[in-house]
Structures are given as structure tokens and as C-alpha cells.
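Here are some exercises to work through with the model open beside you. Try each task before you read its solution.

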Amino acid sequence: MFVEIVDALRCPRPHEESWLVLAARRTEDRHVLEGTLGCPVCRAAFPIHDGIVDFTAAAPRERAAAPAVVDLAPAEHLAAMLDLGDARGFALLIGAWGTRADELLELIDAPPLLLVEPPARVTMGHGLSGVRAGATLPVATGAARGVATDSADPARVAEAARVTRVGGRIVAPADSPVPHDVRELARDAAVWVGERLPLPSAPVTLHVRRG
């Protein structure tokens, strides 16, 4: 788990968002390989093993969204869809998209990557971090520069939009709904690509001056 990404992780339990406290036992090159993340609000503890944080014990009744059968684009296409031309901020690869992580890091000066449900053969470290999660993504609202999800489940796609910053990219299966706060940019038979829109501002009360 890359130390800079720790600041963007949040407890998935149903309470206000709060940063997590890191207790590292083994680190290599700014990656925490063994340790614990603790929530100061609900006192939950989440173990880190081999660079992967396990959040699944936080909500045992939640179930992660089932992945769709996605025809995965090559790494260079995924980099273009997510606009990963620089290292400003981290991106999320959910499920099967994690198999493209090593190629992405080799192809471009890619940002750190956070893999949700990382494939077994992908090793964490050197720019790769991992989490195991339930239905709620354990990431702060608007923290990621882009997200690619292999699930067509509306709740999972909505979560992908929630954690993406304004102007960031989202890649989701073609048969999944486009959230109301996402503008579709492109689509093919396998996926659509969208851009996260700003949230509407609160209504402004107008006062009329008389006299």
C-alpha cells in the first residue's frame, strides 16, 4: 500500500468520512507491505498483508458487485481512456482491469494505481496498491483521478463515479447505466467512457431590496 494513497482511504462503515490511522510493520520504498489501518470513529481495524488492505470484515453483510464479462482493452487503450498521461493523482482499477496494471506502469509514466479485488498473480509494490472491499469502495469522495470497473452493477458504477474527481474519467461495461453525474464521452461494444461532472451548487436565496 503506497503511503500517499493511505490518505485517500476511508472506513466503509456507515458513518461520516474519516481518515485512517496507519500502523506499519514492514515497508519497502514507501509501500506498506504489512501493517494495520485503524478508524478513529468506529475503532475498526483493517489488516494489511502483502500490500493489500482487507476491508471486508467491516461490513460482513455487504457483498461486492459481481463482475461483468468485459472484453478488456489493451493497456495502451486503457491509459488513453483514463487519460493517464501524467502522474498527478492515483487511478483505480477494479476487478479484472487489475490485470493491466503492470503493463500500464511499463508503458507510461503512470500515476500510482489502486487495485480493488486485485488479481492473484499481480504483486503489490512499485506503484501498485490493493484493497479487498465490499459493496462500498473504501475511498474518499472525489479522491481518484480515474476509475475503470469491470462490474455493470449500477451501485458499483455509482460508487466509481463518487470516488472520481471532477473532470476525471470513468470506464465501465457498455451494458451498465451512465450515472446522472457523469457525461458520456465515447462508447463501443465493450465499454463506455465518461467524465465526472461537478455536483450542482446549492440554491442561492435572492433578496429583493425595496425603496
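Before we start, a word on exposure: a residue is buried when its relative accessible area is under 20%, exposed when it is over 50%, and partly exposed in between (1.4 Å probe, protein chains only). This is a predicted model, so local features need pLDDT of at least 70 and side-chain atom pairs count only at pLDDT 80 or more, while totals for chains, interfaces and linings use all residues. Residues are numbered from 1 along each chain as its sequence is written, and side-chain values use heavy atoms, with hydrogens and water left out.

**Exercise 1. Get your bearings: count the helices and strands in the protein.**

Step one: helices (H or I, at least four residues) and strands (E, at least two) are DSSP runs, numbered from the N terminus. Step two: the tally is four helices and 11 strands. Step three: of the 211 residues, 48% count as buried.

**Exercise 2. Work out whether Met-1 is buried or exposed, and what it touches.**

Step one: Met-1 sits in the segment before helix 1. Step two: because its relative accessibility is 0%, Met-1 counts as buried. Step three: check its contacts (heavy atoms within 4.5 Å). Leaving aside neighbours within four places in sequence, Met-1 is in contact with residues including Val-6, Leu-9, His-31, Leu-114 and Val-131. Step four: take His-31, which is 30 residues from Met-1 in sequence, yet 5.0 Å from it in space, C-alpha to C-alpha.

**Exercise 3. Describe how strand 6 is placed among its partners and which way its side chains point.**

Step one: two strands pair if DSSP finds at least two bridges between them. Step two: strand 5 and strand 6 run parallel, joined by four bridges, and Leu-93 has Leu-115 as its bridge partner in strand 6. Step three: strand 6 also pairs in the parallel sense with strand 7 (residues 128–132), over four bridges; there, Leu-113 is partnered by Leu-128. Step four: Leu-113 and Leu-115 point one way from strand 6, Leu-114 and Val-116 point the other way, and all are buried. In a regular strand the side chains alternate between the two faces of the sheet.

**Exercise 4. Track down the salt bridge of Glu-17 and see what it ties together.**

Step one: a salt bridge is a side-chain nitrogen of Lys or Arg within 4 Å of a carboxyl oxygen of Asp or Glu. The structure holds 10 of them. Step two: Glu-17 pairs with Arg-162, with the closest N and O atoms 3.5 Å apart. Step three: Glu-17 lies in the loop between helix 1 and strand 1 (21–28) and Arg-162 in helix 4, so the pair ties together parts that are 145 residues apart in sequence. Step four: with a relative accessible area of 41%, Glu-17 is partly exposed.
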